[in-house]
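Biologist: I'm new to this one. Can you put it up and walk me through it?
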Amino acid sequence: MNDRARSARSAQNAPAPTPTSAAVARHAGVSRATVSYVLNGQAAGKVSAATQAKVKKAARELGYVPHAAARSLRSGSSGLVLIAVPADRVPAFGPLFSAFIARFQTELERHGYTGVLHGARADGSPEDTARAWAELRPAAVLTTFGAPLTADSVDILLRSGTRAVLSFGPPPAPGAHGITMDQEEIGAVAAAHLLSSGRRRLGVVVPRERGLDPFSGPRLAGARAAARAFPGAAVTPLPLAYTEESAARLVAQTRELDAVFAYNDEYAMLLMRALQDAGVDIPGDLAVVGADDLLLARLLRPRLTSVRTRLPEPGEVAALVDRLISDSSVVPGERFRSTAQIEVRESSG
């Protein structure tokens with residue numbers, strides 16, 4: 001193949017040029033300013049409905065998509081809501097929180113925002129992490145359990161153009177808004193239920209999996225706090241990896257106990273199967289309580305008693321984010337707080 005033939009073939013295989021807003025304007029017979037108004041959602045009261053339709057049709061025909069980064073440079077912010085999840089804890093959130101995030105992203109879209117999951121850095125300072133988030137020019141940042149957030153990191157985000165900073169989990173840092181989820185309350189509710197039924201030798205499952213410490217530690221502390229109100233009550237931590245082998249080995253450590261709070265429903269199911277395989281009667285020999293109130297908890301036999309955590313509706317949180325982005329006068333602080341209640345079933349007698 002000669003040079004001319006190779007050049008011809010390269011030209012045939014070369015990607016088509018990226019369409020520009022100027023090309024859309026020419027195709028639609030309007031100004032670039034009109035194209036900008038229409039495709040950036042700012043046409044109301046400025047551009048007629050017929051012209052808006054013509055511009056959108058031209059953009060579709062040319063395959064033009066607005067450049068989000070360029071729009072961010074012009075406005076100082078994007079339509080992104082960054083949902084920061086610590087990179088080493090993504091598998092730790094389980095079905096309850098995963099379902100919340102999925103619905104939250106859908107609700108954000110109704111308000112014109114795009115929710116993007118971002119693996120928060122596991123190392124480095126909170127300030128360095130905030131700078132990495134700020135580079136994306138998000139309109140809002142929602143940090144989740146364990147994602148670093150301090151007064152200084154909040155300030156970095158706000159000064160870079162982020163209009164709202166929220167935290168999900170512990171009480172919010174100064175300058176941020178918060179959705180507080182009290183992990184100690186979950187452990188306290190589970191323990192109080194078991195101890196109120198006359199049980200006194202309580203085991204609390206502490207998962208060995210990396211990234212669960214911010215959840216399991218407070219739940220254990222909550223159980224211990226509840227036990228102090230019951231004379232003679234004792235709480236024993238039960239380290240458990242999420243494997244059948246680990247659950248089978250743990251059975252021997254439950255022989256001196258009469259109740260177990262198994263951290264959540266998934267660990268409860270794992271432990272209950274090992275207990276039943278070993279001939280332990282539930283709840284006769286050992287009462288078991290989980291947390292999260294998953295559907296599977298009701299399908300087990302015996303049905304699993306579980307602590308239900310009531311979170312704010314994703315639509316409420318999305319509406320809050322929209323309000324905070326548009327109204328900087330809202331005073332930072334706690335906006336929602338979860339509550340916990342026991343759903344009593346057969347596994348706790």
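Modeller: One term to begin with: contact means heavy atoms within 4.5 Å. This is a predicted model, where local features need pLDDT of at least 70, side-chain atom pairs count only at pLDDT 80 or more, and totals for chains, interfaces and linings use all residues. Residues are numbered from 1 along each chain as its sequence is written, and side-chain values use heavy atoms, without hydrogens and water.

Biologist: OK. What does Ser167 touch, beyond residues up to four places away in sequence?
Modeller: Leu142, Thr143, Leu149, Pro172, His177, Gly178 and Ile179.

Biologist: Is Ser167 buried or exposed?
Modeller: Buried, because its relative accessible area is 6%. Buried means under 20%, exposed over 50%, and partly exposed in between (1.4 Å probe, protein chains only).

Biologist: Switching to the largest nonpolar core. Which members touch the most others?
Modeller: Phe104, Phe168 and Val205, out of 73 residues. Helix 12 (residues 265-277) gives the largest share of this core, seven residues. Such a core is a set of buried Ala, Val, Leu, Ile, Met, Phe, Trp, Tyr and Cys residues joined through side-chain atoms within 4.5 Å. Helices are DSSP runs (H or I, at least four residues), numbered from the N terminus.

Biologist: And what is Phe104 in contact with?
Modeller: Skipping neighbours within four places in sequence, Phe104 meets Ile83, Leu142, Pro314, Val317, Ala318 and Val321.

Biologist: What else is there in the way of cores?
Modeller: A second, separate core has 13 residues, including Ala130, Ala134, Ile156 and Val165.

Biologist: Last one. Is Leu295 buried or exposed?
Modeller: Exposed, because its relative accessibility is 56%. Leu295 sits in helix 13 (residues 295-299).

Definitions and conventions. Helix = DSSP H or I, 4+ residues; strand = E, 2+ residues; numbered from the N terminus.
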